[in-house]
Structures are given as structure tokens and as C-alpha cells.
Amino acid sequence: MNSANSSTGVLAAPVAQQAVATLVAIGAVLLALVTLYAVFLDQGQLLSPVLGKVAATANYLHELAHDGRHLLGAPCH
Amino acid sequence: MLTFLKRGVLAGVVCGLLAGAFGFLLAEPVMDRAVDLETARQAAAGEHVSETFSRPTQHVGFLVATLAVGIALGVLFGVLYGLLHRADPEQAPWQRALHLGGCAFFGAYLVPFLRYPANPPGVGDPGTIDARANSYLSALAIGLVGAVLLGLAQRGLTERGWRPSYRQLGLVAVAVLTVAITFALPDNIDPIPVDAGLIWEFRLLSFATSALLWGGLSVAFGLLGERAALREDACNLSPV
């Protein structure tokens, strides 16, 4: 993939590409972990900064993902 | 790394849709039955619980959740696969994907499931959810450590020249020990007020859906990797 760049002798480009790839990978992993948290563990924490107290009582994410949470084995009410 | 990430997302979409469709068709009717029983029990006890979402909305939510979980697992799978590939570029994609998927299914689903089997809606006291979540996460952590040990043992024992029979027995010992250790965790004390038939049916479906999720992910990822490798061979390029 990088061969076109490196063969022209531009060393910085592949290095920069690698750094971008690493950053994208780290970002994707963090996003994936937040998603798993939202589906399997959230009790209103993720939405409470936006919605305030109602996020915990209505528990939107938990209730929406309710069936998936039960079926995939995570603790639920 | 981005190649593997893309492959992971693609395989994640496939397995998320697959597990979602399976669960939607087979498990949702069972969960609806469980919810009806729960509502009837609450009505008999004189409680009135207002639900945030209706059942049809929760059915859609289930599909959204399985797809999101599929993609998230695909991302993690892709990154882990990329790191393993960097460490040992020689292993065949199909084999590596299945090994990684097998270890991940064992650690992330099977171990917590054997310790704290999934329960249908209507089982589980909201008051104990924090304690149950902690126990579950502990079992998950033990499972993940066990999964890593399985991978390390497979590699280490092969390098040490153990015979396949001894090596495989060694792996079984690691797996059994991992499961055994989780039984040091506290029991789930919540009462189960539904009949055993429903519980069994639900747990079987939980296992099948998760197996489909992880199996689909590994198989899709392995096939995509195999195709890419064959193409690369055809072009006679060295692997990146």
C-alpha cells in the first residue's frame, strides 16, 4: 500500500500514514469499547451529562438494548 | 492495520446482522413470553410499572444492539488480529481468525456464561444489578485472562516441541482451570420465579445467538483474509 510513496524516496509520507493508521485504530477501539459499555453495562451514565437525572430513571440505553443485553448474557433487571 | 480494521468492521456487520436475525426470529418470541409473565406477576402483586419503550420498539432496539455489538467486536477483533499478524505474518488468515475467534468466544462469552448463565427478562432484581455487574465483569476478566493464556500456551507449547496430544491436553487444562477459578466468585442470589423450561430454552438461545455472533465474525473475517491473501499471491506482491 505504501510502496508507491516509499519508492519515490519520500520517507515522511509512510511514517505519517502509519501514525494516522495508529490513531484511527486507537480511536476505533475506544469507540468500540464505549459501544459495548452502552449496550451491556450502562445504567444512564452515558446520557446523564446531556439529559440530567432522567437518564438514570428512564434508563434509555438500557431499555433500548434490553433484549440484546439479556440474550447475550449481560446482567439485566 | 487499517486493512484489518476495515475487514473487522465488514465481518462485524455480517455477524451482527446474522445474530440479530436469528435472535429476532427465534429468541424474541421467548423473551415476549417472559415479559408477559413478568407483567402478569407484577399485576398480581398490585405493582404498576411504566415501561420506557414498548415491546415493538425494544425489538428494533435488539436489532440495533446486535448490529452495534457486532461492529464493535469486529473492530476489536480486527485490531487484535493486526497485532498478531505483525508478530507472526506467516500464519494462514483462516487459521488465525478461527483461533482468535475461538479464544475470544471462550473468554468473553463462555466463561462468564458458565458462571452466571443468562436469564430471561423478569429474572433479576434491579436492586442487585451493581453487585451482579461487578461479579459478571470479574468473571469476564478471568475469562479474558484465560483466553490470552490459551493463545500463549498454544504457541509456547508448539515452540517447545510438545506432541499435539500433550499440547491439546495442556490447553484443555488451561480452559478448565479458567472456568474453575470463576467459581471463587460470589453466587448470583437473585430468585428465579419462572419455570425451568423457559430458562433452559432462553439459555440455549442465548448460547446459539452468541455462538453465531462470534462464529460469524471469525468465519467472515477468515474468509475475507483468505481472499485478500489469494489475491496478493496472484499479483505476486509481498504481504504488507
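Student: How many helices and strands does chain A have?
Tutor: Chain A has six helices and zero strands. Here helices (H or I, at least four residues) and strands (E, at least two) are DSSP runs, numbered from the N terminus. Bear in mind that this is a predicted model: local features need pLDDT of at least 70, side-chain atom pairs count only at pLDDT 80 or more, and totals for chains, interfaces and linings use all residues. Residues are numbered from 1 along each chain as its sequence is written, while chains are lettered from A and ligands numbered from 1 in the order in which they are written.

Student: OK, what's the mean pLDDT of chain A?
Tutor: The mean is 84, and 84% of the residues of chain A reach 70 or more. pLDDT is the predictor's confidence in each residue, from 0 to 100.

Student: Switching topic: how many residues of chain A are in contact with chain B?
Tutor: On the chain A side there are 29, in contact with 37 residues of chain B.

Student: And which helix of chain A gives the most to that side?
Tutor: That's helix 2 of chain A, with ten residues. Helix 2 (12-40), helix 5 (60-64) and helix 6 (66-71) of chain A each supply at least two.

Student: What's that side like by class?
Tutor: The side of chain A that touches chain B has 19 nonpolar, eight polar and two charged residues. Ala, Val, Leu, Ile, Met, Phe, Trp, Tyr, Cys and Pro count as nonpolar, Asp, Glu, Lys and Arg as charged, and the others, Gly among them, as polar.

Student: Now chain B. What does its secondary structure come to?
Tutor: Six helices and zero strands. The C-alpha atoms of chain B fill a box of roughly 70 × 40 × 25 Å, taken along the principal axes.

Student: Where is the kink in helix 3 of chain B centred?
Tutor: On Phe106(B), with a kink of about 35°. The bend at a residue is the angle between axes fitted to the seven residues ending there and the seven starting there.

Definitions and conventions:
Contact = placed C-beta atoms within 7 Å.
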